Amino acid sequence: MEGVWSASDGGRLTVRADGSAELEKVPEPGPGCGQTDSSIHTGPATWVFDTFPDEPPGIRLDYRGPAAGEMCSVYLSISISEEYGTKGFLPHNADPWYVRDTAYLG
C-alpha cells in the first residue's frame with residue numbers, strides 16, 4: 001500500500017508505512033467532508049487496512065472534516081490484474097482510477 005497513488009484528475013494519496021497519509025485534491029466522500037467552498041479535500045490523514053462494502057479489499061483513510069472536527073473516511077479499493085496491474089479507485093467516486101508509483105516514498 002505504501003507509496004503515492006495518483007489519478008489523472010490531479011488527486012493524490014501519499015500512503016506511508018507508519019500509518020500516516022496525505023490527501024491531495026481528493027473528492028469528498030460525503031457532505032461536510034470537503035474543504036470550505038469545495039467538494040475536495042487536501043490535508044493529513046491516517047490509514048488502516050479495510051474493505052468498503054461490496055468492493056475489493058483496500059485501505060480506509062480517515063481525516064477530520066472542516067465541520068466541527070467531524071471524522072471523514074475515504075476508501076481506496078485495490079484491484080490487481082495481469083492485464084492492468086495494480087490500480088485503486090474510490091468507491092464514492094470511481095472514476096478516475098488511482099495508480100501506485102513506488103518511486104516516491106518519502
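Guide: Gladly! A strand here is a DSSP run of E that is at least two residues long, and strands are numbered from the N terminus. The model is a predicted one. By that naming, His41 is found in strand 4.

Visitor: Why is His41 called buried?

Guide: The cut-off for buried is under 20% relative accessible area. His41 has 6% relative accessibility, so it counts as buried.

Visitor: Which residues does His41 touch, leaving out those up to four places away in sequence?

Guide: With that exclusion, His41 touches Leu23, Glu24, Lys25, Val26, Cys33, Gln35, Tyr63 and Arg64.

Visitor: What makes the link between the side chains of His41 and Gln35 a polar contact?

Guide: The distance limit for such a pair of N or O atoms is 3.5 Å, and one must be able to donate a hydrogen and the other to accept it. The two side chains make their contact at 2.5 Å, within the 3.5 Å limit.

Visitor: Cys33 was in that list. How do you know that Cys33 and Cys72 form a disulfide?

Guide: Two cysteine sulfur atoms count as a disulfide within 2.5 Å. Those of Cys33 and Cys72 are 2.1 Å apart, and the pair is a disulfide. The structure holds 1 disulfide. This pair links distant parts of the chain: Cys33 lies in the loop between strand 3 and strand 4, Cys72 in strand 6, and they are 39 residues apart. Both cysteines are buried.

Visitor: On to the rings. How many aromatic pairs are there?

Guide: The count comes to 3 aromatic pairs. In one of them, the ring centres of Phe52 and Tyr75 lie 5.0 Å apart and the planes meet at 65 degrees, so the pair is edge-to-face. The limits are 6.5 Å between centres and, for edge-to-face, planes over 60 degrees apart. Phe52 is in the loop between strand 4 and strand 5, whereas Tyr75 is in strand 6, 23 residues away. With 30% relative accessibility, Phe52 counts as partly exposed.

Visitor: Why are the rings of Phe89 and Trp97 called edge-to-face?

Guide: Their centres are 5.2 Å apart and their planes at 70 degrees, so this pair is edge-to-face as well. Phe89, at 9% relative accessibility, counts as buried, while Trp97, at 37%, counts as partly exposed.

Visitor: How do you know that strand 6 and strand 7 pair?

Guide: Pairing requires at least two bridges. Strand 6 (residues 71–81) and strand 7 (residues 85–90) are joined by 5 bridges and run antiparallel. Ser81 stands opposite Gly85 in strand 7. The two strands form a hairpin with 3 residues between them.

Visitor: What about strand 7 and strand 8: how many bridges pair them?

Guide: Strand 7 pairs with strand 8 (residues 93–101) over 3 bridges, in the antiparallel sense. Gly88 has Tyr98 as its bridge partner in strand 8. A hairpin through 2 residues joins these strands. Strand 8 also holds Pro96, and the peptide bond between Asp95 and Pro96 is cis, with omega about 10 degrees.

Visitor: Why is Asp54 called exposed?

Guide: Exposed means over 50% relative accessible area. Asp54 has 82%, so it is exposed. Asp54 sits in the loop between strand 4 (40–50) and strand 5 (58–64), and its phi is positive, about 65 degrees, although it is not a glycine. Lys25, in strand 3 (residues 20–27), also has a positive phi, near 55 degrees.

Visitor: Finally, which residues in the largest nonpolar core touch the most other members?

Guide: Of its 19 residues, those are Leu13, Leu61, Leu76 and Tyr98. Strand 6 gives the most to this core, with 4 residues. Not counting residues up to four places away in sequence, Leu76 touches Trp5, Leu13, Gly58, Ile59, Leu61, Gly88, Phe89, Leu90 and Tyr98. In soluble globular proteins, nonpolar side chains tend to be buried together.

Conventions
Residues are numbered from 1 along each chain as its sequence is written. This is a predicted model: local features need pLDDT of at least 70, side-chain atom pairs count only at pLDDT 80 or more; totals for chains, interfaces and linings use all residues. Side-chain values use heavy atoms; hydrogens and water are left out. Buried means under 20% relative accessible area, exposed over 50%, partly exposed in between (1.4 Å probe, protein chains only). Rings of Phe, Tyr and Trp (its six-membered ring) pair if their centres lie within 6.5 Å; planes under 30 degrees apart count as stacked, over 60 as edge-to-face and the rest as tilted. Contact means heavy atoms within 4.5 Å. A nonpolar core is a set of buried Ala, Val, Leu, Ile, Met, Phe, Trp, Tyr and Cys residues joined through side-chain atoms within 4.5 Å.
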